[in-house]
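Please walk through this model with attention to what surrounds its ligand and to how its charged side chains pair.

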Amino acid sequence: MGEPFVQISSASSTALTAGARRFYIETFGCQMNAHDSEKVAGVLLARGYVPVTNPEEADFIFYNTCSIREKAAQKVFSRLGQFRKRGAGSQIFAVLGCVAQQEGEEIFERAPHVSLVCGSASYPRLPELLEQVERGRRVTGLSLDTDECFETELTRRENRFRAYLTIMEGCDKRCSFCVVPMTRGPERSRPSQKILEECRLLADQGFSEIQLLGQTVNSYRDLSPARRSFAELLVAVGQIPGIRRVRFTTSHPRDFTPEMVAAIDACPALCDHIHLPVQSGSNAVLRRMLRGYTREEYLEKTDCIRSARRCISISTDIIVGFCGETADDFEQTLWLLERVGYDQVFSFKYSPRPRTPAGGWPDTVPEEEKGRRLIILQERQRQIQLARNQVCVGKEFEVLVEGFQPKLSQAVGRTTSNRVVNFAGRPEWVGSYMNVRVTAVGPNSWVGKRVKTSTAEAQELTAQPSQQG
Ligand code: SAH
Ligand code: F3S
């Protein structure tokens, strides 16, 4: 903390004049980034900035970046390049997030029209950094030496009924392939009391779903006197009146506990879904990845989830083509897919990252072979998902309506197990909970039909004869 401002040049930068404070934020990457952007937007609004949806109209353009894979990191430079070609004019540019943290001041070399480079660990200092930029200076916020989370009451949430809420930040796990410990800093958790107060406030404001966020959310450690375990925190959030759904992401297998499953069994508001990234099904690869568990230990955890009273869906992340991954290692990952029976898989080709331990190791699997393995894995998973989804046809599920597709007159709902269901509906249903019967399924989504659930709803349906559900 306390890192000094780096003022490279004040003459070459553009000062932000009062009255010209329209901002535009583009966000890349994960939910943590999406939520960080909501907080940054809140800070900007409090300083009198006005949001615009078109970057051309903005005085101040923010890119909240991701550097988890090389492609993601490249995106921001291509965006900045587009503006440079056209001439940035009087616009001010800021690079936030993981690329900012990783590339630091080199961003100024590659993109001289950038005025602010700030990693997420420095967001608590954003108001002072912005003040410097407004005076025409070029500044960086790059210190990772922090034990605080970015807390602000100013958060401008994008969604009216579903709220993201950070409970911990950073990561101390240091998987050999991953930039996060270098870009988001050390693991730090918020006191449970503060989290619960914020949840109550969100419930009062009408949010019915809360998504608790953290890079390794279940590594949460409550240092306040309450000393709540992660599972206890989940239950406490789930018991808040008005909160109907609680999700949490991402759980690390090493910190998974059976208490998490017991909490989901005991508390109806906790969603029937655990995202538990495995990365590989081969012990040799897991060892090199420094994941801290074996395939057998991982399977004990998924077996524990499958033994729950409720039917909890399991999703995962997988990297194919990691350094030294043999055809046999890959086969073991395919075996694991079948053995667990995942409900959803996010799969990626290994991308060597600078400053990570594996970044210096030989990247032995050729790009083409990585692509081939990825296609095989995704096809196998498609079949698994289709089979898992087919058993749901004819059954009834509660969904939260999250969107509406006007062209198809379809409502888009999500079950507590994180399945997407499309059904005939109306735009005004967005934000409400309804029951649907599944009529058809694909590997990635379901089609359903709304069903009457209660007398109140039945009356409402008769009062609306034109409704199609
Ligand atoms: N905190 C999470 C993961 C964060 S990154 C965890 O505990 O696993 C999200 C996903 O991106 C990871 O799970 C991994 O599958 C993938 N990923 C991370 N680094 C990667 C790299 N260098 N190449 C390819 N995929 C990567
Ligand atoms: Fe990355 Fe491993 Fe942490 S994947 S976020 S270093 S748990």
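A residue is called near a molecule or strand if one of its heavy atoms lies within 4 Å of it. Around ligand 1 there are 17 residues, of which Phe-177, Gln-215, Gln-279, Asp-317 and Ser-351 come nearest. The model is a predicted one, in which local features need pLDDT of at least 70 and side-chain atom pairs count only at pLDDT 80 or more, whereas totals for chains, interfaces and linings use all residues. Residues are numbered from 1 along each chain as its sequence is written, chains are lettered from A and ligands numbered from 1 in the order in which they are written, and side-chain values use heavy atoms, with hydrogens and water left out.

Sorted by class, the shell around ligand 1 holds six nonpolar, six polar and five charged residues, where Ala, Val, Leu, Ile, Met, Phe, Trp, Tyr, Cys and Pro count as nonpolar, Asp, Glu, Lys and Arg as charged, and the others, Gly among them, as polar. A polar side-chain atom of Gln-279 lies 2.7 Å from an oxygen atom of ligand 1, while an N or O atom in the side chain of Arg-69 is 3.1 Å from an oxygen atom of the ligand. For the side chain of Arg-291, the corresponding distance from an N or O atom to an oxygen atom of ligand 1 is 3.4 Å. Of the 540 Å² of accessible area that ligand 1 has on its own, the protein covers 91% (areas by the Shrake-Rupley method with a 1.4 Å probe).

Turning to charge pairing, side chains of opposite charge can pair when their charged atoms come close. With a salt bridge taken as a side-chain nitrogen of Lys or Arg within 4 Å of a carboxyl oxygen of Asp or Glu, the count comes to 34. One network of such bridges links Glu-151, Arg-157, Arg-190, Lys-194 and Glu-198.

Which residue forms a salt bridge with Glu-128? The partner is Arg-125, with the closest N and O atoms 3.6 Å apart. Arg-125 is buried at 15% relative accessibility, whereas Glu-128 is partly exposed at 36% (buried means under 20% relative accessible area, exposed over 50%, partly exposed in between, with a 1.4 Å probe and protein chains only).

Glu-367 and Lys-370 also meet in a salt bridge, at 3.8 Å from N to O. These two residues are three apart in helix H13, and are therefore separated by about one helical turn. Glu-367 is partly exposed at 47% relative accessibility, but Lys-370 is buried at 0%.

Methods: Helices (H or I, at least four residues) and strands (E, at least two) are DSSP runs, numbered from the N terminus. A polar contact is a pair of N or O atoms within 3.5 Å; within protein, one must be able to donate a hydrogen and the other to accept it, and residues adjacent in sequence count only if both atoms are side-chain atoms.
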